[in-house]
Structures are given as C-alpha cells and as structure tokens.
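Let's take a tour of some side chains, starting with rings and ending with sulfurs. Have the structure open and follow along.

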Amino acid sequence: MTVTPGHPRSRLDPEPVPRRDFLGLLSFWTMATTLLFATLGMLRMPRAAVLPSPSKKFRVAIPEALPPGEAYVPPGRTTAIFRDAQGTYAISIVCTHLGCIVKPTPDGFECPCHGSVFARDGAVVRGPAPQPLSWIKVEAGGGTVVVDEAATVAAGTKVTA
Ligand code: FES
C-alpha cells in the first residue's frame, strides 16, 4: 500500500527502505554474489594433470626362469636387471646421448633413436652416445631385489642374494 499525502499509513505496511540503505544492500549482495561465483569457478578449475612419478627405489622379484645374462626390465621402469653366476646387477636403459630408451639385445643394447650400440656391460660400442650406460644400485635379499634407480654404482658391481 502506498502512502499518499493525507492518508495515514497502515501499521501493516513495511517500513520504507531509505534509498541509501537500499544502495548499500544492493552493493553488499552484488559483492557476495560475485565472490560466490568466483569461488565456484575456482573449484571447477582443472586439476593438475601431472601425476607424482613412482619412487625411484623399488622392490622387484626377478622371474625364476630368467636365463643368465638376459635382461629383465620391470614394467614401467628404465632399468634392466640381470642375473649370472657372479650375482645380480642392473644397468640403466636410458641412452646417454639424448635419453631414449635403449633395447636390450643378445649382444648388449641398441638405441632406436640415433643408432648407438652398447656392449653387455653398458660400454659404448658405437656412438653418438658419449658415455656408457650407468650401472644401478641393487640390494638383494629375500628372493627379491631392491633397485634404486637414483643411485649409480661402479660398472661391474654385482650383489649375491
Ligand atoms: S638418444 Fe640414443 S643414440 Fe641418440
């Protein structure tokens, strides 16, 4: 009900909101709504696509049927594990040229990217790889080996179980 001059206001009519209060409330609700939508927008932002990489140190069981001197590369790893009469050892299969994954062969390793060839002990047979493949630290025990891809050892280092 509108108040017209000369007519008394009903006690049931709401108090009129002064213009200054109305603008203040409008500003408050505009800001609150903006913050709400900004927060919702941040919650919907895409998550990081980078997954944590697996630990460089892992335990693995070497297949019983692995012939001496033949490489076993655990799935998802960059280390070839070997077993022979002197013990167990591991060689990195990351090429020292530009980091491709080399393929174990009966005579050693071959890099599919630029043709480097490595001997069975990781020594460079043919470049362009400038360095031999790294020997990786291995600890043996309990029928499994613990490989630490972050630690290198001197070439020829083997452990016995
Ligand atoms: S990355 Fe292996 S030879 Fe280039």
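## A tucked-away tryptophan

Start with Trp135, which is buried, with a relative accessible area of 4%. Here, buried means under 20% relative accessible area, exposed means over 50%, and partly exposed is anything in between (1.4 Å probe, protein chains only).

Before going on, a word on the source: this is a predicted model, where local features need pLDDT of at least 70 and side-chain atom pairs count only at pLDDT 80 or more, while totals for chains, interfaces and linings use all residues. Residues are numbered from 1 along each chain as its sequence is written, and side-chain values use heavy atoms, with hydrogens and water left out.

## Rings that meet

How many aromatic pairs does a search of the whole structure find? It turns up 4. Rings of Phe, Tyr and Trp (its six-membered ring) pair if their centres lie within 6.5 Å; planes under 30 degrees apart count as stacked, over 60 as edge-to-face, and the rest as tilted.

One of these pairs is Phe82 with Tyr89, stacked at 5.1 Å centre to centre with 15° between the planes. Tyr89 also stacks with Trp135, at 4.9 Å centre to centre and 15° between the planes. Tyr89 sits in strand S3 and Trp135 in strand S8 (residues 135-141), so this pair ties together parts that are 46 residues apart in sequence. Strands are DSSP runs (E, at least two residues), numbered from the N terminus. Tyr89 has 8% relative accessibility, so it counts as buried, and Phe82 is buried too.

## A charge over a ring

Now find Arg77, which lies over the face of Phe58, at 3.9 Å from the ring centre. A charge sits over a ring if NZ of Lys or CZ of Arg is within 6 Å of the ring centre and within 35 degrees of the ring normal.

## The sulfur bridge

Which cysteines does a disulfide join? Cys100 and Cys113, with 1.9 Å from S to S. The pair links distant parts of the chain, 13 residues apart: Cys100 is in the loop between strand S3 (87-92) and strand S4 (103-105), and Cys113 is in the loop between strand S5 (108-110) and strand S6 (117-119). A disulfide is a pair of cysteine sulfur atoms within 2.5 Å, and the whole structure has 1.

The torsion about the S-S bond is about -95°, so the disulfide of Cys100 and Cys113 is left-handed. Cys113 is partly exposed at 38% relative accessible area, whereas Cys95 is buried at 4% and Cys111 is buried at 6%.

Key: Helix = DSSP H or I, 4+ residues; strand = E, 2+ residues; numbered from the N terminus.
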